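Visitor: Please show me the structure. Then walk me through its parts.

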Amino acid sequence: MAPATVPPRPPAHGVTVWFTGLPSAGKTTIAGLVGRRLAEHGRRVELLDGDVVRAQLSRGLGFSKADRDENIRRIGYVAGLLTGHGVTVLVSAVSPYRAVRDEVRAAVERVGGFVEVHVAADLATCRARDVKGLYARHARGELRGLTGVDDPYEPPLAPELALDTAAESPEESAARVLELLGGRTARVAPVRGAAEVAARGAATAEARAAQALLGSRP
Ligand SMILES: Nc1ncnc2c1ncn2[C@@H]1O[C@H](COP(=O)(O)OP(=O)(O)OP(=O)(O)O)[C@@H](O)[C@H]1O
Ligand SMILES: [Mg+2]
């Protein structure tokens, strides 16, 4: 059988990695670890974290469905701009609604790559971590509309990667993301160190699946 051919891509092709999941699932933690590692390997990386964005670009937006969707569209817009300029964009935001996530994917894929990562800790684990005290505030009746408790969370149906952060360490989760990106990173913009990442990644079924997936996308 002839080997699958991968269409050539311009060297400045970027990618958005979109981490979605419940509060305290581990999105910010993993994005931070992945970002540091990629930067060490010479990639241009930008982090778009939900908390930071809500204090800046989305200041004034609340937590209704309309405002949550608007927040995600704004993040997606900036992610698309950066992706089109060859940046690896790491988005960490709850992003509870599937439709707007898919909308952002379609927009970003017009200018570069898009990888959806479901940071999939179960609710009990997230509640026990409660990094920002949101679950406790909700239990005390000080907060309503908490995602996964009394507000919807629509998990991705076909994410490129799902991480069970209740069962693995932050370092293991980050390594799986880097493995997935390995082929893409090396193929798109070779940098010092990326070849080793790609060589490791290519040895896994996950990376092979990613290669096939990426090769089939325009
Ligand atoms: N595999 C893992 N990946 C990420 N975080 C993990 C993992 N295992 C345990 N943790 C811990 O879970 C917590 C996750 O907190 P983090 O702030 O990253 O969550 P978040 O998804 O960004 O939440 P929020 O939506 O509220 O911003 C951290 O204390 C982290 O150390
Ligand atoms: Mg966070």
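This is a predicted model: local features need pLDDT of at least 70, side-chain atom pairs count only at pLDDT 80 or more; totals for chains, interfaces and linings use all residues.

Visitor: In what order do the strands of the open sheet lie?
Guide: Strands (E, at least two residues) and helices (H or I, at least four) are DSSP runs, numbered from the N terminus. Strands pair if DSSP finds at least two bridges between them. The pairing here is parallel, and five strands form the open sheet in the order 2-3-1-4-5.

Visitor: Which strands are the edge strands?
Guide: An edge strand pairs on one side only. The two here are strand 2 (45–49) and strand 5 (161–163).

Visitor: What is the bridge partner of Glu-46 in strand 3?
Guide: Strand 2 runs parallel to strand 3 (residues 88–92), and five bridges join them. The partner of Glu-46 is Val-89.

Visitor: How are helix 3 and helix 4 placed relative to each other?
Guide: Helix 3 (residues 65–84) and helix 4 (residues 98–109) pack at about 20 degrees, with axes 9 Å apart. Axes are lines fitted to C-alpha atoms, for helices over the stretch in contact, and angles run from 0 to 180 degrees between N-to-C directions. Angles under 35 degrees count as roughly parallel. Helix 3 and helix 4 are therefore roughly parallel.

Visitor: Which residues in helix 4 meet helix 3?
Guide: Contact means C-beta atoms, placed from the backbone, within 7 Å. Helix 3 contributes Asp-69, Ile-72 and Arg-73, among others. In helix 4 they meet Val-100, Arg-101, Val-104, Ala-107 and Val-108.

Visitor: Which helix gives the most to the shell around ligand 1?
Guide: Helix 1 (27–40), helix 2 (50–55) and helix 7 (170–188) each supply at least two residues. The most, four residues, come from helix 1.

Notes. Residues are numbered from 1 along each chain as its sequence is written. Chains are lettered from A and ligands numbered from 1 in the order in which they are written. Angles under 35 degrees count as roughly parallel, over 145 as roughly antiparallel, 65 to 115 as roughly perpendicular and the rest as oblique. Two residues are in contact if their C-beta atoms, placed from the backbone, lie within 7 Å.
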